[in-house]
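Here are my notes on the model, point by point. Please read them with the structure open.

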Amino acid sequence: MSSSKLFIFNTHDLPRRAGEMREYDLDVPAPERIGIDVIAVPEDQAIHIAMKLEAVTEGVLVSAHVSTVAEGECIRCLDPVEVPITRFFQELYRYAPEKAHTKAQRKAAEVFDDLDEDDDLVMDGELINLEAPVRDDIVLGLPINPLCNPDCPGLCPGCGVKWSMLEPDHRHDAKDPRWAGLSDLFEDENPDSISE
Ligand SMILES: [Zn+2]
Ligand SMILES: [Zn+2]
């Protein structure tokens with residue numbers, strides 16, 4: 001995972017008094033493709049971050065709405081699909097112990113330091129890095145099985161043409177033994193509902 005400076009935000013304008021609050025709107029281009037095989041936010045796609053920063057004793061609490069558009073292909077018919085992604089996360093960025101301004105802040109940071117440090121988001125001076133939570137949030141918001149629409153009938157496995165473009169009675173002769181099993185399947189799965 002590369003790290004992008006684009007997600008680093010300076011909290012200088014937020015007074016370091018618990019209860020202070022500021023709101024920001026950011027547009028960050030995706031530094032690289034973010035997602036899974038079938039669907040992802042492409043590189044350079046705008047990621048909109050509408051966030052509220054609150055000063056708390058331990059650091060800065062970030063509440064952020066993340067929105068962007070993922071692109072991929074329908075797993076049934078392979079048509080391109082665009083999926084709007086809207087997510088919300090809340091993360092506490094803790095003051096690094098040595099950067100804490102007051103005794104209370106330093107104490108809070110030190111207490112935390114004794115606990116686990118693995119998943120923690122620590123401020124770098126006044127800087128917070130939004131990349132990890134934004135990335136995680138986008139990936140969690142992606143559909144695992146994207147579809148062009150929920151009723152997409154997919155492709156005929158016999159000829160690879162979209163079912164939506166084929167006649168309702170489209171089928172392949174079972175002469176070719178390779179298709180025999182498949183056409184049996186069709187008859188089971190797609191009973192001819194038109195004939196009465
Ligand atoms: Zn489809
Ligand atoms: Zn076919």
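1. Terms. Two residues are in contact if their C-beta atoms, placed from the backbone, lie within 7 Å. Helices (H or I, at least four residues) and strands (E, at least two) are DSSP runs, numbered from the N terminus.

2. Source. This is a predicted model, in which local features need pLDDT of at least 70, side-chain atom pairs count only at pLDDT 80 or more, and totals for chains, interfaces and linings use all residues. Residues are numbered from 1 along each chain as its sequence is written, while chains are lettered from A and ligands numbered from 1 in the order in which they are written.

3. Layout. The protein has 9 strands and 3 helices. Their order from the N terminus is β-β-β-β-β-β-β-α-β-β-α-α. Take the contacts with a separation of 6 or more: 61% of them join residues 24 or more positions apart.

4. Burial. A residue is buried if 20 or more other C-beta atoms lie within 10 Å of its own, exposed if 12 or fewer, and partly exposed in between. Of the 196 residues in the protein, 19% are buried.

5. Core. A nonpolar core is a set of buried Ala, Val, Leu, Ile, Met, Phe, Trp, Tyr and Cys residues joined through C-beta atoms within 7 Å. The largest one has 20 residues, and Ile-49 and Val-62 have the most contacts inside it. At least two residues of this core come from each of strand S4 (39-41), strand S5 (46-56), strand S6 (59-73), strand S7 (80-94) and helix H2 (131-141). S6 gives the largest share, 5 residues. In soluble globular proteins, nonpolar side chains tend to be buried together.

6. Ile-49. What does Ile-49 touch, leaving aside residues up to four places away in sequence? Its partners are Leu-26, Val-28, Ala-64, Val-66, Leu-130 and Val-134.

7. Helix H2. Pro-133, Val-134, Arg-135, Asp-137 and Ile-138 are buried in H2. The buried residues of H2 pack against strand S3 (34-35), S4, S5, S6 and S7.

8. Strand S2. Strand S2 (residues 21-29) is hardly covered, with 0 buried residues among its 9. S2 pairs with S5 in the antiparallel sense over 9 bridges; strands pair if DSSP finds at least two bridges between them. Asp-25 stands opposite Ala-50 in S5.

9. Tyr-95. This residue sits in the loop between S7 and helix H1 (103-114). Why is Tyr-95 classed as buried? Because 24 other C-beta atoms lie within 10 Å of Tyr-95. The C-alpha atoms of Tyr-95 and Met-123 are 5.3 Å apart, although 28 residues separate them along the chain.
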